[in-house]
Each structure stands twice: as C-alpha cells, then as structure tokens.
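Please look over the chain shown here before reading the report on its local features.

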Amino acid sequence: MTPAFPAPTGGPTDLSWLDQGGEAGALIRAFDWTRTGLGPLETWPQSLRTVTGMLLLSPVPIVLLWGEKGIMIYNDAYSVFAGNRHPALLGSEVREGWAEVADFNDNVMRVGLAGGTLAYRDQELTLVRHGKPEPVWMNLDYSPVLDESGKPGGVIAIVAETTERVLAEERVRENEAQRIRAETEARESERRFREELEAKVAERTADLERTRAARAKAEQALAQVQKMEALGNLTGGIAHDFNNLLMAVQGSLELLRERMPQEPLLLRLLDNARAGTERGSTLTRRMLAFARRQELQKERVDLRALVEGMKELMQRSLGGTVTVETHFAPRLPAVEADPNQLESALLNLAVNARDAMDGAGTIVIATDETWVGDGSGPVAPGHYVRLALSDAGSGMDEDTLERAIEPFFTTKGVGKGTGLGLSMVHGLAEQLGGALLLHSRVDEGTTAEIWLPAAPSLPEVPVASASSGPATGRCASSRTLSILTVDDDELVRATTVEMLEDLGYAAIPARSGEEALSLLENQCVDLVITDHAMPHMTGMQLAVQLRERYPGLPVVMATGYADLPTGPQLDLPRLAKPYSQASLAEVVSRIVTPASESSSM
C-alpha cells in the first residue's frame with residue numbers, strides 16, 4: 001500500500017477524531033507516519049481514519065494492521081496487552097514488531113488482504129512482553145478493512161487474552177488427575193496389605209485348627225482383619241498397634257528358635273513364620289511412608305536389600321512392558337539414609353525412565369562405591385556409595401540437562417508432570433550429605449546417580465560368655481548391665497524383657513512412665529528403653545523428666561509411630577518397632593560404652 005492516498009473530503013486537516021483516543025490517540029497524533037509509508041495524518045484516506053477512530057474508542061484490545069506490511073495502529077487497551085513492547089510497536093510492521101510470531105502474522109495478512117476472516121479460541125503463542133518469553137493464550141478475531149477502492153486495505157484484529165482462565169482450568173485438571181492417582185495408589189496399597197494380611201491369618205488359622213482354643217484365637221484374628229478391612233483406610237494408631245503385635249511375634253520367634261529342637265521341619269516352619277513377620281513389618285513401614293505418617297529419619301540401609309525389596313512394587317508400577325535389571329557391587333558398604341525417602345526417590349526415577357522410553361524398554365539399577373579426594377568430585381571428600389538408574393530413552397540435550405533439577409521444570413506435556421520429581425530427589429541426596437548427578441545424551445538415554453556417604457563399619461557386638469549363643473551376641477562385663485524397659489503393651493514389654501535377659505542384661509519392666517520414675521527412685525539402672533505412645537505420660541515426656549532428674553542416664557526411644565506432639569523435644573537415639581534382638585543388641589552396645597558401664601545413674 002503506497003502513501004499516495006487522495007485527501008479525504010470534509011477537511012483533511014481536521015484531526016478531531018483523535019481527541020477521544022486516550023494515550024494511544026495522542027501518540028498517533030505525535031507520531032511521524034511519513035517513515036512508515038502511510039504519510040502524514042492529513043493525507044490518510046477516510047477508510048483508515050474511520051477504522052482508527054473506531055478502534056481508539058473501543059474498550060477492548062484492537063490493533064489495525066494496515067497495508068501489505070501490516071503497519072500497526074492500536075488503542076489503549078491493546079497497549080496494556082503489549083506490555084513493555086509499547087509504544088515501540090506503534091507504527092511498526094507487524095512482522096518485525098512481533099518477530100517471535102512472524103510466521104503466524106504472515107498467514108493473518110495473507111488471508112485478511114485476500115478478503116478472508118480468521119478466528120482463534122484459546123490460541124497459544126509465546127510472546128516477549130515483559131523482557132522474557134512467556135506463553136500467552138488469546139481469543140483472536142481477524143477481519144479485512146476495505147479502502148476507498150472497495151478492496152482490503154488492511155486487517156483489524158480484536159484480541160481478548162484468556163491466559164488466566166486457561167491456566168486456572170489446567171490447574172483444576174491437574175489437581176483432579178493427581179487426586180485420582182492418589183486415590184488409585186491408596187486403594188492398590190490397601191488391597192496389597194489386605195491380601196498379605198489375609199494370607200498370614202489363613203496360614204496361622206490352618207496351623208491352629210487342631211485345638212478349639214487355637215480355632216477361637218484364629219477366628220478372633222480373622223474378625224479383627226475383617227474389621228480393619230471395613231475401615232477402608234489405616235490410621236497411624238492402627239499401624240502402631242500392628243507394629244506392637246509384630247514386635248511380640250518376631251521377638252518370641254527369635255527366642256523360640258534358640259531353644260527348640262534342631263529338627264529341620266520345625267526350623268523351616270519357624271523360619272517361614274519369622275519371614276512372614278519381617279514382610280509384615282516392611283509392608284507397614286511402606287504404607288506409612290506413602291501416607292506420610294512415618295517419621296523420616298536416618299538409619300543404616302543395605303542398598304541391595306532395599307532395591308530387591310521394592311523390585312516387585314516397582315515392576316507393578318512400571319507395567320509389564322518395562323524390564324528392571326539389577327547389578328550390585330560385591331561387599332557394598334551400607335549407607336546412612338531414610339529408607340522410605342530413598343524408595344520414593346528410586347521409584348520416582350524409575351517412572352521418569354519409563355516415560356522417557358515411551359513405556360517400553362529396560363531399566364538398569366546398579367550400585368558401586370567410590371572415594372572422592374580433595375576437589376576431585378561433585379561432593380565433599382570421603383567414601384561414597386553410588387546408586388545409579390539408567391534407561392535407553394529419548395535422553396536430554398545440554399540445555400534441558402542443565403535445567404532438569406530446577407523446581408517446576410518439566411519436558412512432559414501439560415497435566416503430565418509437576419516438575420518437582422528430580423528436584424525432590426536432588427534435595428534428598430543433598431540432605432543426606434550426597435548429590436544427584438545426571439548424565440544424558442539425546443536418543444541414547446539417561447543415567448541418574450544418587451551419591452550417598454558410606455556408613456562407618458559397625459563395632460563388633462561383645463558376647464556374654466564363651467558358650468555358644470545367638471548370632472546377635474551377648475554382653476560381657478564385670479557387672480551385669482541393668483536396663484529399664486518401659487512399654488504399656490504387655491506383649492511388647494514381656495518380649496523385650498526376654499530378649500534383654502537372653503542377651504545377658506538385667507531387665508526391669510515398667511508399664512508406664514509413672515511406674516518407671518517410681519522404680520528409678522530405688523533402683524540403679526544403666527539405660528532406659530521406652531515406648532512413646534503411652535497413656536497419661538508419653539515416652540518423650542518421660543525422657544524430658546529423666547533428663548532433668550538424671551542428666552547422665554541414656555534414654556532410647558523405641559517406637560514405630562512418628563506423630564510426636566508439640567512441646568519439648570529431645571534428640572534421642574531411636575529403635576524402630578518392630579525391632580529384632582540383633583537391633584536391640586546393637587543399640588545397647590552402641591549407647592552403653594565400656595566407659596559408661598563402669599558408672600550407673
């Protein structure tokens with residue numbers, strides 16, 4: 001479109017049609033239009049004046065793209081939409097003004113100048129309006145504007161930004177999808193728990209069917225299982241009670257194995273029962289972890305046992321088209337970590353790997369150890385264990401790899417990922433004193449390495465005598481250690497006393513915090529092991545009073561329940577329920593050193 005338009009009739013110098021045009025009208029009046037090819041305002045054709053005057057009076061964002069080059073003329077509402085691109089956009093060619101969407105606007109000009117119209121609803125474009133690219137959603141309506149010859153002289157665009165609504169709808173959809181996934185996982189976890197628990201009850205019922213008393217006990221257990229099933233959702237209190245039952249069964253089975261005849265059939269049946277209690281304990285901890293009800297704390301973790309223990313769960317989560325292979329280094333040292341957090345991190349990485357392979361392929365999980373010298377690695381100098389997960393998926397380019405652990409950054413589609421998975425794994429690794437390293441090549445795959453500090457070797461547990469004893473070892477000292485064990489559950493309390501005495505210690509039982517304080521007034525003890533969830537006085541409240549009355553008396557908190565109340569809290573050694581005789585022996589040996597054995601409370 002050339003600038004040689006005939007002057008409109010009715011006073012070409014009359015520019016009063018700009019008076020009500022607001023800031024945009026004033027800018028149009030002051031703008032030098034000769035450098036755009038449109039010529040001075042006084043020479044503009046009536047069609048251009050009319051449509052410009054109309055859009056200036058409109059409260060909605062409107063932009064006119066005039067001529068073959070699409071010279072931009074717009075109103076105040078559009079200047080707000082343009083952000084800091086205004087006022088530089090005024091009088092610019094649309095292809096240069098919005099260079100990031102030049103191809104889109106080229107099509108608009110072709111269609112509009114040919115007499116066609118275009119309409120877009122929730123059209124997404126990436127625009128630079130505030131110094132950086134941002135996704136913008138808009139409703140766009142394009143129509144041709146006729147000049148004095150009756151042919152299209154330009155294109156007028158009505159712009160309605162819908163970004164806030166679109167993002168709000170996406171958040172609603174994503175939240176709904178997350179809710180559905182969470183409900184599905186909860187139902188699946190509950191189903192697995194019921195199946196495992198029902199299998200144990202059925203096995204125990206079959207063994208106890210020989211006598212009426214055994215049958216009554218089995219029926220009572222089955223009724224309890226059915227009641228738990230009807231609840232639909234386990235609470236922390238139920239998990240605590242179940243841990244106590246497992247504690248009593250597991251401890252009794254360990255003590256029974258030492259004393260029963262060494263007949264292969266009896267030993268095999270007893271070992272099966274012990275394996276059942278261990279699986280029940282693992283299942284309870286896993287469910288509490290997924291429900292975020294279990295205390296997150298460090299403990300010694302055998303990575304091989306952890307991976308093999310969750311391999312079945314991982315396989316079910318990934319689907320039958322994904323194969324999981326494992327390669328473990330021999331004699332790998334343990335690490336100090338939270339096993340529940342570590343399982344969640346590994347499962348998260350596995351799901352990412354599956355998605356990168358479009359749901360089919362092989363995931364390889366491997367472990368090894370390494371030593372880092374001064375400045376020679378990504379972590380502080382020391383001894384580390386690496387847990388690596390590799391896939392053969394699409395991989396990442398360098399730019400994506402650099403941003404992979406940024407919070408909310410994701411390469412997945414809308415509603416398919418929060419962008420928090422890798423950042424959570426990264427945070428966990430750093431919190432444990434390690435690091436998360438990512439290696440990737442496009443079309444070759446990705447390897448995620450979790451570096452964790454190797455745990456120091458455990459000291460040998462002293463034995464009580466030269467005679468043969470259990471694998472846990474017994475204590476040997478010039479004076480028998482006296483240990484006060486506090487638990488309101490009679491089965492747990494009795495089992496703990498039996499295990500301590502079997503280890504060679506003098507065990508003093510107490511059924512409550514009040515009874516423990518009363519006993520301590522007249523008896524000398526070397527260590528207190530207390531449950532937490534007890535009526536009238538909790539284990540933490542008891543520990544606070546013990547610290548005030550007997551500052552040198554060591555206290556161990558034995559609990560499987562994590563919801564500690566508000567109030568004074570002490571950093572106490574923990575013994576996770578249900579605990580084995582080996583765990584009990586280890587914590588006593590670690591806390592009550594030879595030096596402390598020589599002086600009591």
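This is a predicted model: local features need pLDDT of at least 70, side-chain atom pairs count only at pLDDT 80 or more; totals for chains, interfaces and linings use all residues.

Residues are numbered from 1 along each chain as its sequence is written, and side-chain values use heavy atoms, with hydrogens and water left out.

**Helices**

Helices (H or I, at least four residues) and strands (E, at least two) are DSSP runs numbered from the N terminus, and the expected span of a helix is 1.5 Å times one less than its number of residues.

| Helix | Residues | Length | Distance between end C-alpha atoms | Expected span |
|---|---|---|---|---|
| α6 | 163-207 | 45 residues | 66 Å | 66 Å |

A residue is called buried under 20% relative accessible area, exposed over 50% and partly exposed in between (1.4 Å probe, protein chains only). The buried residues of α6 include T163, V166, E170, F193 and V201, and those of α14 include V492, R493, V497, L500 and D502. At the start of α14, the backbone nitrogen of L491 has a side-chain oxygen of D489 within 3.0 Å; just after this helix, G504 adopts a positive phi of about 100 degrees.

**Surface patch**

L265, L266 and L269 make a nonpolar surface patch of about 260 Å², and L269 belongs to helix α9 (residues 264-290).

**Buried sites**

D531 lies in strand β15 and is buried, its relative accessible area being 0%. An unreviewed UniProt entry annotates D531 as "modified residue: 4-aspartylphosphate", although such annotations may be inferred rather than shown by experiment.

H532 sits in the loop between β15 (527-531) and α16 (539-549), where H532 has a relative accessible area of 3% and therefore counts as buried. A polar atom of the H532 side chain is 3.5 Å from the backbone nitrogen of M540.

L572 is placed in the loop between β16 (555-559) and β17 (574-576), and its relative accessibility of 7% is why L572 is classed as buried. Although L572 and M557 are 15 residues apart along the chain, their C-alpha atoms are separated by 6.4 Å.

Conventions
A polar contact is a pair of N or O atoms within 3.5 Å; within protein, one must be able to donate a hydrogen and the other to accept it, and residues adjacent in sequence count only if both atoms are side-chain atoms. Patches are made of residues with over 30% relative accessible area and no salt bridge: like charges are joined within 9 Å, nonpolar side chains (Val, Leu, Ile, Met, Phe, Trp, Tyr) within 5 Å. Accessible areas come from the Shrake-Rupley method with a 1.4 Å probe; for residues, only the protein chains shown count as cover. A salt bridge is a side-chain nitrogen of Lys or Arg within 4 Å of a carboxyl oxygen of Asp or Glu.
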